[in-house]
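Morning, everyone. Let me walk you through one model, starting with its open space and then turning to its packing.

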Amino acid sequence: MTLTIVVASTRAVRGGPVVAGWFAAVAGRRGDLRVEVLDLADVRLPDVGSAAGAGATSAVSSRLHQADAFVVVTPEYNHSYPGPLKNAIDTFDAEWHAKPVGFVSYGGISGGLRAVEHLRPVFAEVHATTIRETVSFAHYGELFDEAGRLRAPERATAAAERLLEQLVWWGQALRTARDRAPYAA
């Protein structure tokens with residue numbers, strides 16, 4: 001099964017790559033997942049409806065189509081999620097259909113959970129299934145060392161493993177269903 005981890009923040013100073021790297025390492029220990037990271041800062045999608053950037057859009061579309069499941073690594077900005085993530089969700093459609101989406105969030109006191117709650121109905125609208133379990137890092141800057149290692153990984157790793165168990169279950173179930181009959185949105 002292919003898991004694509006989407007790094008949502010594109011800011012110059014951001015924690016997304018560190019958090020995504022940690023999660024990718026946890027997911028990579030499983031024998032049933034092929035893990036890819038899609039950093040939105042690296043692809044710089046054009047605004048929805050723009051004629052510019054067709055090459056970047058096509059390349060991202062291909063990567064999203066190949067995914068069986070997604071994990072979105074998102075910060076919380078002003079009680080919600082980053083604009084480039086909304087643009088990425090809106091730019092694509094069938095790429096999200098009938099696939100599970102999990103969340104790893106980070107931020108200040110709420111650990112990005114308000115961003116996750118805003119994302120659930122957005123992903124439902126593009127016919128994706130969100131996973132109940134999440135991984136959340138409140139005050140994430142204090143939790144990782146200078147090398148990007150989680151200082152006390154036990155609880156977060158256990159949460160990640162629960163999320164991955166649900167994600168794999170839904171990913172296999174939905175892939176089987178898509179193989180039997182194309183999903184009609």
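**Pocket and packing**

The largest pocket holds about 220 Å³ of space. This is a predicted model, where local features need pLDDT of at least 70, side-chain atom pairs count only at pLDDT 80 or more, and totals for chains, interfaces and linings use all residues. Residues are numbered from 1 along each chain as its sequence is written, and side-chain values use heavy atoms, with hydrogens and water left out.

A pocket here is an open set of points on a 1 Å grid over the protein atoms alone, where a 1.4 Å probe fits, with protein on both sides within 12 Å along at least five of seven lines; lining residues have an atom within 4 Å of a point. Its volume is the space filled by probe spheres set on the points.

Who lines it? Among them are Thr-134, Phe-137, Leu-150, Arg-151, Arg-155 and Arg-162. The lining splits into 7 nonpolar, 2 polar and 3 charged residues.

Now the cores. A nonpolar core joins buried (under 20% relative accessible area, 1.4 Å probe, protein chains only) Ala, Val, Leu, Ile, Met, Phe, Trp, Tyr and Cys residues through side-chain atoms within 4.5 Å. The largest has 29 residues, and Phe-23 is among those with the most contacts inside it. A second, separate core of 26 residues includes Leu-38 and Val-122.

What does Phe-23 touch? Its partners include Leu-3, Val-71 and Leu-164, leaving aside residues up to four places away in sequence.

Notes: Buried means under 20% relative accessible area, exposed over 50%, partly exposed in between (1.4 Å probe, protein chains only). Contact means heavy atoms within 4.5 Å. Ala, Val, Leu, Ile, Met, Phe, Trp, Tyr, Cys and Pro count as nonpolar, Asp, Glu, Lys and Arg as charged, and the others, Gly among them, as polar.
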